[in-house]
Amino acid sequence: MSEKKTSLYSLTLEDLREYLKENGFAKFAADQVYNWIFKRYEFDPDKWSNVSSKIKNDFIEKMDINIPKIVWNGLSTDGTRKFLVGMSDSNTVEAVAIPAKNNRLTLCVSSQIGCAIGCTFCHTGTMGLTRHLTTGEIVGQYLAVTKWLRDNVDEEARLSNIVYMGQGEPLHNFNNVKQATKVFMEDKGIGLGQRKITLSTSGLVPQIEKLEDFPPVNIAISLHAAHDNIRTELMPINKAYDLTRLFEAIRKIPLKAHRWITYEYILIADLNDRVEDLEGLSDLLDKGVSKVNLIPFNEYPESKFKRPSDEKIKWFQDELIRRGYICTTRITKGTDILAACGQLKSEHDKLNLWAD
Ligand code: SAH
Ligand code: SF4
């Protein structure tokens, strides 16, 4: 068995320059290759007319130049498009393109195949962890989806934002997600600014403590409960890192860079939508640096929790605002194709359900 090759799409511009130099090529070719891949979405080296064939042959021989495949896609009535993305070992993950106003098109990317955290409300959490995604596979979701959109919908399509809210716990796959983020931010490539990328974590305290070593993107913490007993019921990770430890770590995140922390809070009927929960949140969250994003629970087949009524959701939001917090309610998108938060789950047999 040959050693696994490095993906060409896992390299920052500087990494690519280094690689070329080490292999006896001119460094400047890195800019040209970068332009072909990340600006023109041309992944076939044969088409790179201004790049020497020696370099192209070197890549073909020594690097992995495969892009993940779009195995299936489905369009929701609200414009959200879900992609099933196939990796070279035939595992699949979901990536979801979500349109918003001002021409925004956000890609929700997966960081792992499955997830080890096992939250009881999460469809992905029932799968367990199969494996981490490589950096090339994380960046590859962006490249494959952009290419597909350009070929099939709009030749100028551009994904303007990235959220690590697909399958997996991104901080569990810290190094690959960090490297992918650097590639997403590369000026001469995709060029996303740090405010265009959001990392969502269930609260892996040791990795939160390492965030100063991560590009200063937006941070979202999946909080979901303001009391330890409820949080433990929802998120087994709370047994290892309870609210006290979680908030000790959060308070050390260098906020000058991050400006504020977003707290995701899934609202579940009669579980965490009560007055005691509002009071708990006010005790935990520092005003002025905390935003709360309420996510009405998305029911899925076999889910044991219920979504609160619209009146209850509005009441909860109004109460948080009255207490001085910035608070929004996430509009659930893509529910008709099971693409909404927590509904991402790769199973080929589902394709039959989703297919038109
Ligand atoms: N693992 C990371 C990121 C992926 S989950 C995390 O947990 O933060 C992305 C968001 O979707 C999280 O806030 C998660 O809690 C939420 N989510 C999961 N299942 C959901 C469901 N059934 N309804 C609503 N939101 C859900
Ligand atoms: Fe994993 Fe996030 Fe789902 Fe929890 S909510 S099981 S951390 S993907």
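A: By class, the shell around ligand 2 holds 5 nonpolar, 4 polar and no charged residues (nonpolar means Ala, Val, Leu, Ile, Met, Phe, Trp, Tyr, Cys or Pro, charged means Asp, Glu, Lys or Arg, and the others, Gly among them, are polar). This is a predicted model, with local features needing pLDDT of at least 70 and side-chain atom pairs 80 or more, while totals for chains, interfaces and linings use all residues. Side-chain values use heavy atoms, without hydrogens or water; residues count from 1 along each chain, with chains lettered from A and ligands numbered from 1 as written. Surrounding ligand 2 (a heavy atom within 4 Å) are Cys115, Ile117, Gly118, Cys119, Phe121, Cys122, Gly125, Gly168 and Ser202.

On to the helices (DSSP runs of H or I, at least four residues, numbered from the N terminus). The axes of α4 (residues 135-152) and α5 (residues 174-185) come within 8 Å and cross at roughly 40° (lines fitted to C-alpha atoms over the stretch in contact, with N-to-C angles from 0 to 180 degrees). Elsewhere, α1 (residues 13-22) packs on α2 (residues 29-39) at about 130°, axes 9 Å apart, so α1 is oblique to α2.

How values were computed. Helices (H or I, at least four residues) and strands (E, at least two) are DSSP runs, numbered from the N terminus. Angles under 35 degrees count as roughly parallel, over 145 as roughly antiparallel, 65 to 115 as roughly perpendicular and the rest as oblique.
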